[in-house]
Amino acid sequence: GEAGGRVKVWVETVELTAATANDTVYLAVIPSNARILGMSKVYWDDLASSGSPTLDLGFTPIRSGDFTADPDALNDGLDVATAAGSSAVIKDVANYGKRAYEFINGLTADPKCDLYLIGSIVDAGTNQTGTVTLELFYTYD
């Protein structure tokens, strides 16, 4: 597919204190037709000294009714408990350059809205204070 255009960048840093499982971190607001580029990355500190919390990346609506949240649409199971690390925002390289809405389960057409890119702490809580930083690169038509 075509993915040219002016690149927009969103950088967000969130300081997490101990978070319970299923806590949500709001990392960016982007249009639903934004094409997310493969150079987008998420970085994290070691967030737990016990347990096995992981980080999922996905989307939730800003306005209720625009679409159903899909908290692991982009990536899931990122290990935030062993050491500081980083990952591509998009799990599957075949999906680089797809529009945000194309990642959301159940959407076959652009809902034409802004949405939150979120991180979710899942599987266990975190018990260390640390940083999660998103560097998001995208274009939109």
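Val-7 counts as partly exposed, at 45% relative accessibility (buried means under 20% relative accessible area, exposed over 50%, and partly exposed in between, with a 1.4 Å probe and protein chains only). Val-7 is found in the segment before E1, where strands (E, at least two residues) and helices (H or I, at least four) are DSSP runs numbered from the N terminus. The structure is a predicted model, in which local features need pLDDT of at least 70 and side-chain atom pairs count only at pLDDT 80 or more, while totals for chains, interfaces and linings use all residues. Residues are numbered from 1 along each chain as its sequence is written, and side-chain values use heavy atoms, with hydrogens and water left out.

**Surface patch**

- Together with Val-9 and Val-11, Val-7 forms a nonpolar patch on the surface, and the accessible area of the three is about 240 Å² (Shrake-Rupley method with a 1.4 Å probe; for residues, only the protein chains shown count as cover).
- Patches are made of residues with over 30% relative accessible area and no salt bridge; nonpolar side chains (Val, Leu, Ile, Met, Phe, Trp, Tyr) are joined within 5 Å, and like charges within 9 Å.

**Sheet**

- Four strands form an open sheet in the order E2-E8-E5-E6, with antiparallel pairing (two strands pair if DSSP finds at least two bridges between them).
- Strand E2 (23–31) and strand E6 (70–79) each have a single partner strand and stand at the edges, so one side of each is left without a neighbour in the sheet.
- On average, neighbouring strands of this sheet are turned by 20° against each other, direction ignored; axes are lines fitted to C-alpha atoms, for helices over the stretch in contact, and angles run from 0 to 180 degrees between N-to-C directions.
- Strand E5 (residues 54–61) runs antiparallel to E6 and is joined to it by four bridges.
- Leu-57 stands opposite Asn-75 in E6.

**Nonpolar core**

- The largest nonpolar core has 33 residues, of which Ile-30, Ile-36, Leu-55, Phe-59 and Leu-74 touch the most other members (a core is a set of buried Ala, Val, Leu, Ile, Met, Phe, Trp, Tyr and Cys residues joined through side-chain atoms within 4.5 Å).
- At least two residues of this core come from each of strand E1 (8–16), E2, strand E4 (41–44), E5, E6, H1, strand E8 (114–122) and strand E9 (130–139).

**Salt bridges**

- Two salt bridges are found in a search of the whole structure (a side-chain nitrogen of Lys or Arg within 4 Å of a carboxyl oxygen of Asp or Glu).
- One of them links Lys-91 and Asp-76, whose closest N and O atoms are 2.4 Å apart.
- Lys-91 lies in the loop between strand E7 (85–88) and helix H1 (100–103), and Asp-76 in strand E6, so the pair ties together parts that are 15 residues apart in sequence.
- Lys-91 is exposed at 53% relative accessibility, whereas Asp-76 is partly exposed at 29%.
- Arg-63 and Asp-66 also meet through their side chains in a salt bridge (3.0 Å, N to O), and Arg-63 is partly exposed at 49%.

- Lys-112, in the loop between H1 and E8, has a positive phi of about 55° although it is not a glycine; Lys-112 is exposed, at 68%.
- Asp-123, in the loop between E8 and E9, is likewise not a glycine and has a positive phi of about 75°; Asp-123 is exposed, at 62%.
- Thr-139 in strand E9 is buried, with a relative accessible area of 1%.
- Thr-139 and Pro-31 are 108 residues apart in sequence, and their C-alpha atoms are 9.7 Å apart in space.
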